[in-house]
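Student: Hey, I've got a new structure open and I'm a bit lost. Can you walk me through it?

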Amino acid sequence: MEKTLVKQILEEYKDLEDRKYYEKRKRIALEIAWLKEHQSEGCKCGRRYDLTIDHIIPDKLLKEFGINIETYFEPRNFRVLCRICNIYKSDRLDFADPRTKKLLLEFINQIPNN
């Protein structure tokens, strides 16, 4: 069975844990690998070029939930958007995507009660 790019990167980064910015670099590499594996999906607008990863629940909101976004890697929170659609969406929630509400509720339930 062929290894996916994500699995290859996880193996490569396993030996680099003591290096500076390890988690941030690992996350970026994993996101790029995920995008390469899913770019055939294209954007909801129909574009199949200049594709980016959109975080369904934006990083800014994840930080407010207390999640360390440098170590966080949750592929269920990704979708493919072209650069134009991603810029337009920005740090907002897009409830036209059915995954938004489900993921948002999961993150809210992870917030500790103090």
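**Strand β1 and beyond**

Tutor: Buried means under 20% relative accessible area, exposed over 50%, and partly exposed in between, with a 1.4 Å probe and protein chains only. Strands (E, at least two residues) and helices (H or I, at least four) are DSSP runs, numbered from the N terminus. This is a predicted model, where local features need pLDDT of at least 70, side-chain atom pairs count only at pLDDT 80 or more, and totals for chains, interfaces and linings use all residues. Residues are numbered from 1 along each chain as its sequence is written, and side-chain values use heavy atoms, with hydrogens and water left out.

Student: Which residues point which way from β1?

Tutor: Leu 51, Ile 53 and His 55 point one way, while Thr 52 and Asp 54 point the other way. In a regular strand the side chains alternate between the two faces of the sheet.

Student: And how many bridges join β1 to strand β2?

Tutor: Five, and β1 and β2 (residues 78–82) run antiparallel. Two strands pair if DSSP finds at least two bridges between them. His 55 stands opposite Phe 78 in β2.

Student: New topic: how many salt bridges does the count come to?

Tutor: Eleven, where a salt bridge is a side-chain nitrogen of Lys or Arg within 4 Å of a carboxyl oxygen of Asp or Glu. In one of them, Asp 50 and Arg 83 have their closest N and O atoms 3.2 Å apart. Asp 50 lies in the loop between α2 (22–38) and β1 and Arg 83 in helix α4 (residues 83–89), so the pair ties together parts that are 33 residues apart in sequence.

Student: Is Asp 50 buried or partly exposed?

Tutor: Asp 50 is partly exposed, at 41% relative accessible area, and Arg 83 is partly exposed too, at 40%.

Student: What does Arg 79 form a salt bridge with?

Tutor: With Asp 97, and their closest N and O atoms are 3.1 Å apart. Arg 79 sits in strand β2 and Asp 97 in the loop between α4 and α5, 18 residues apart. Arg 79 counts as buried because its relative accessibility is 7%, and Asp 97 is buried at 7% as well.

Student: Which residue does Asp 97 also bridge to, at 2.8 Å?

Tutor: That's Arg 99, which is partly exposed at 38%. A network of salt bridges links Lys 44, Asp 54, Arg 79, Lys 89, Asp 94, Asp 97 and Arg 99.
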